[in-house]
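Here are my notes on the model you sent over. Have it open while you read, and go through the points in order.

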Amino acid sequence: MSKTVKLYTDGACSGNPGPGGWGALMIWNGHEKEMSGGVPETTNNRMELTAVIEGLKALNRECVVEVYTDSKYVMQGITEWMAGWKAKGWKTAAKKPVKNQDLWIALDEQVQSHSVKFHWVKGHAGHPENERADSLATSAIPR
């Protein structure tokens with residue numbers, strides 16, 4: 001039986017908008033993989049979404065994935081808001097276009113390929129894996 005992949009993600013931005021970075025820590029069967037990247041001009045929310053997308057894209061087969069994020073935006077978007085956005089043609093309840101639609105669509109595509117459960121963790125509260133993801137994201141911000 002395959003073990004569950006744990007994916008810890010974080011995004012960071014120097015200014016919002018401004019240069020940003022994302023980080024992801026994947027743990028599976030005693031193995032760890034760190035991933036990160038940066039963008040010269042972005043927002044914190046875009047980096048939070050990118051971290052999850054890139055982490056899921058790194059999986060090379062269908063997996064059971066536990067995603068841990070300190071972003072309430074990502075957590076609520078995927079678990080509460082997305083179904084309504086999709087039903088309304090990617091419009092909000094106020095009939096405005098969903099912000100970061102390109103990334104929400106990419107995340108939705110990645111989630112369809114796996115069995116994914118999302119968990120929210122309090123950021124900057126000493127959670128070791130979340131702190132590592134934060135460090136990866138912060139280090140990836142272009143200077």
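1. Start with Gly11. Its contacts (heavy atoms within 4.5 Å) beyond the neighbours within four places in sequence are Gly21, Trp22, Asn44, Met47, Glu48 and Ala137. Gly11 sits in strand 1, residues 5-13; strands here are DSSP runs of E with at least two residues, helices are runs of H or I with at least four, and both are numbered from the N terminus. Gly11 has a relative accessibility of 7% and so counts as buried. For that label the cut-offs are under 20% relative accessible area for buried, over 50% for exposed and partly exposed in between, with a 1.4 Å probe and protein chains only. Glu109 lies 98 residues from Gly11 in sequence and 20 Å away in space, C-alpha to C-alpha.

2. A word on what you are looking at: this is a predicted model, where local features need pLDDT of at least 70, side-chain atom pairs count only at pLDDT 80 or more, and totals for chains, interfaces and linings use all residues. Residues are numbered from 1 along each chain as its sequence is written, and side-chain values use heavy atoms, with hydrogens and water left out.

3. Next, Ser71, in the loop between strand 4 (64-69) and helix 2. Ser71 is buried at a relative accessible area of 5%. Not counting residues up to four places away in sequence, Ser71 touches Glu48 and Trp120. Glu48 is also on the contact list of Gly11.

4. Helix 3 deserves a look. Its 12 residues, 101-112, should span 16 Å at 1.5 Å a residue, and the end C-alpha atoms are 17 Å apart, which agrees. (The expected span is 1.5 Å times one less than the number of residues.) Which residues of helix 3 are buried? They are Leu103, Trp104, Leu107, Asp108, Gln110 and Val111. These cover an arc of only 165° around the axis, so they are on the same side of helix 3; the arc is taken from the directions from the helix axis to the C-beta atoms. As background, an α-helix has 3.6 residues a turn, so residues three or four places apart point the same way. The buried residues of helix 3 pack against helix 1 (44-57), helix 2 (72-87) and strand 5 (115-120).

5. Asn16 and Pro17 are joined by a cis peptide bond, with omega about 10°, and Pro17 is in the loop between strand 1 and strand 2. Asn29, in the loop between strand 2 and strand 3, has a positive phi near 55° without being a glycine; Asn29 is partly exposed, at 39% relative accessible area. Lys95 is another non-glycine with a positive phi, about 65°. Lys95 belongs to the loop between helix 2 and helix 3 and is exposed at 69% relative accessibility. For context, most residues other than glycine have a negative phi, and most peptide bonds are trans.

6. Last, Arg143. Where is Arg143 placed? Look in the segment after helix 4 (128-139). Arg143 is exposed, with 77% relative accessible area. Ile105 is 38 residues from Arg143 along the chain, and their C-alpha atoms are separated by 29 Å.

Definitions and conventions: Expected span 1.5 Å × (residues − 1).
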